[in-house]
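The sequence and structure come first.

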Amino acid sequence: MKKTRNLIRAAAVAAAITLVNATPANASVIWKGDADETAGKGVFAGILCDSPNYVYTPDWQDGRGKIFGFVSKAGQTRCEAHSVKVGGSEYQFTSGKTYWWGWESMVNRGDVATVFQWKSNGAGGQMQQNYPVIMMVLEDELRVWYVEPGEKWVGVGSGSFKPNEWHKIKLGINAQSDTTGSFQVFLDGKQIVNRQNARTWDDLGNKPRWGVYDSNVHDTDAVNWINDLKMGTTSGDV
């Protein structure tokens, strides 16, 4: 009987070890946007920068390694990364799913304007919202809006976002084409948005964009540095 119990115990331990080794630590992480990787800017599906705007990858020797720097020159409008690549191809977002993103951001001034868009696909009459979720840095704050059909902007939250300091942003979107969608935003570990009953998937779908947009009002450059981008299916992934 004792020998049988020992055999059962040994088999259970072996099975547990096999399960641990077979299960990845972050099974639902979809994408990492790491500037240190060989792909560099190729982790994004595209770069949208009005000339002479540009994206570069500085390494400030602060332990972060290379990061992404989105530079919108004075008087210019856009420098953004458009969507993401997984396995060498543009990732196909779909409705009815929940996506989470996490990243660090630092801006060179407290009014660099748009730093993130959940941008609608298509143009003109092919969309109702343009960007159901949009974030801007204005007056030393990160401000978040839900944009309803008809492009009606509804402010849903904000938090302190001082320039020349790193801040952590976490965003989760339940992508729904009716008003059963929702999204959450955490800033430096504190939840600043928990929007329910939202339409978060436009007629032709949506994709993320990071960088600087609508900064043409400035007489000096606007810069958004971004580090440690991740995308997953749960808050814990990012």
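## Strand 16 and its partners

Strand 1 (residues 29-33) pairs with strand 16 in the antiparallel sense, over 4 bridges. The model is predicted. Within this pairing, Val29 stands opposite Gly232 of strand 16.

Strand 4 (residues 68-72) also pairs with strand 16. The sense is antiparallel, and the bridges number 5. Here Ser72 has Ala222 of strand 16 as its bridge partner. Strand 7 and strand 16 run antiparallel too, joined by 7 bridges. Trp101 has its bridge partner, Met231, in strand 16. How many residues of strand 16 (residues 222-232) are buried? The count is 10 of 11, and the strand is mostly covered.

## Around His167

His167 lies in strand 12, which spans residues 167-174. Is His167 buried or exposed? It is buried, because its relative accessible area is 5%, and the cut-off for buried is under 20%.

Sequence neighbours within four places aside, His167 has contacts in several stretches of the chain. Trp103, Glu104 and Ser105 are among them. Met106 is 61 residues from His167 in sequence. In space, their C-alpha atoms are 6.3 Å apart.

## Aromatic pairs

A pair of aromatic rings is described by the distance of the centres and the angle of the planes. The model has 24 aromatic pairs. One of them joins Phe93 and Tyr99, with centres 5.0 Å apart and planes at 75 degrees. That pair is edge-to-face. Phe93 and Tyr99 are both buried.

Why is the pair of Trp103 and Trp210 edge-to-face? Their planes stand at 85 degrees, and the cut-off for edge-to-face is over 60, so the pair falls in that class. The ring centres are 5.9 Å apart. This pair links distant parts of the chain: Trp103 belongs to strand 7 (residues 98-107) and Trp210 to strand 15 (residues 206-213).

## A charge over a ring

Lys170 and Phe186 make a contact of another kind. The charged end of Lys170 sits over the Phe186 ring. Its distance from the ring centre is 5.4 Å.

Key. Residues numbered from 1 in each chain as written. Predicted model: local features only at pLDDT ≥ 70, side-chain atom pairs only at ≥ 80, totals over all residues. Heavy atoms only, no water. Helix = DSSP H or I, 4+ residues; strand = E, 2+ residues; numbered from the N terminus. Buried < 20%, exposed > 50% of the residue type's maximum accessible area, 1.4 Å probe, protein only. Contact = heavy atoms within 4.5 Å. Phe/Tyr/Trp six-rings, centres within 6.5 Å; stacked < 30°, edge-to-face > 60°. Lys NZ or Arg CZ within 6 Å of the ring centre and 35° of its normal. Pairing = 2+ DSSP bridges.
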